[in-house]
Amino acid sequence: MTSSNIAALQKCASNTLDGSAIGENLIVGVIGDAPSHYSKSPRLWNAAFRHLPMNATYLPFDVDDAQVGNLLAALKDSNGFLGVNVTVPHKLRVMDYLDELDPGAEKIGAVNTIVRTPDGRLIGYNTDGEGFIESILTRQPDRTQSFIPSLKGMNVLLLGAGGSARAVAFHLADLLDGGELIICNRTLEHATSLTAEVQKTGGHAVAIDEGKLTANAPKAGLIVNCTTKGQGGVRKVPNGAAIMLEPYSSLAPAHPAEFPQTFLPETDTDEKRRAAAAQDIDVNNLASMALARCIPSETRFYDLIYHPEETIFLHHGRMTGHSTMNGKSMIINQAVIAFCKRICNVELQARGLDTPETRKQILEVMYRAW
């Protein structure tokens, strides 16, 4: 990659790009609002590059909304660019700047992987749903057996109807084969909309609101949290306020206290936030634990969240005798798919490494790098 290419990229990113790390290497990266602060992807991908070995570097790009198009244009103009992953909040925005959309990504309505073809075209894919399915149906390096042997005939309760839920819902519905996908959301309208889209593709799905969780959760063989309830850190909301969701379980309604974003820098804010929402947290946690006790022990609890490692939802599941899994496995498996099947596929084919064995090795390497 030339110095002019690097300069063009730097104009679009708010974090400092390490030109010395790039050198003559091929470039892969992740686009988001601030992936340089939190993303594990550079660690996973760079470990895989070292393992092969492959002369490539994975970089985080902290990009504001207004610079997304400029960054993709700069990457498109670089012959040393293989592709990027896309994280919040740009999974929808990047679609406006692509030359082609994979049918799967088009159906989901979001892109998390972009590939630059040898002739300079940008194609958008979504590997989230496939990564989720891989994480539960195939044995992972940190387990002795798969999380679930089969989804055939199973009822699955999906908590949430946002972007993550969409990716998971379509892939789940294709595999239930006689089972039912129950989509629960705080706002019934959103659950109904996603249910209708799943039904159009031939899936068997129903929509419920949180008031019907108690009646439906015991019917499920798998419960999947796709909401942000339980997520670590502070979440900014559109009205300029912020909320804390880590103390909450997705098995019950939550009404977190809002506080000004200017409140964030104080060192004792966590305790203040918890104190402000103490009553609501208690109500949520008591309802969640009571429901978890009523759910058959063979039902599995899965949370797309991986920070913290054990959410309140998973903790209540484990304490009531259920098998649990967090989102680490999904993140790693979607990265392996993006690496082997999408972004680096041409390179792997050229070296005769486009094989199941290579994919297995990359999975193991990324698990160790986590």
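**A hairpin and its surroundings**

Author: Let's start in the hairpin of β5 and β6, where 5 residues lie between the strands and Gly120 takes a positive phi near 90°. Before going on, please keep in mind that this is a predicted model, in which local features need pLDDT of at least 70 and side-chain atom pairs count only at pLDDT 80 or more, while totals for chains, interfaces and linings use all residues. Residues are numbered from 1 along each chain as its sequence is written, and side-chain values use heavy atoms, with hydrogens and water left out.

Helices (H or I, at least four residues) and strands (E, at least two) are DSSP runs, numbered from the N terminus. Two strands pair if DSSP finds at least two bridges between them. By that rule, β5 and β6 run antiparallel and are joined by 4 bridges; Thr113, for example, has Tyr125 of β6 as its bridge partner.

β6 has another partner too: strand β4 (residues 100-101) pairs with β6 in the parallel sense, over 2 bridges. Here Leu101 is bridged to Gly124 of β6. As background, strands of a sheet pair through backbone hydrogen bonds, either parallel or antiparallel.

Now for the faces of β6. In a regular strand the side chains alternate between the two faces of the sheet. Buried means under 20% relative accessible area, exposed over 50%, and partly exposed in between (1.4 Å probe, protein chains only).

Next comes helix α5 (residues 68-76), whose buried residues are Val68, Gly69, Leu71, Leu72, Ala74 and Leu75.

For a contrast, look at another sheet: an open one of 3 strands, in the order β11-β12-β13, with antiparallel pairing. β11 (234-236) and β13 (259-260) stand at its edges with a single partner strand each, so one side of each is left without a neighbour in the sheet. β11 pairs with strand β12 (residues 241-244) in the antiparallel sense over 3 bridges, and Arg235 has Ile243 of β12 as its bridge partner.
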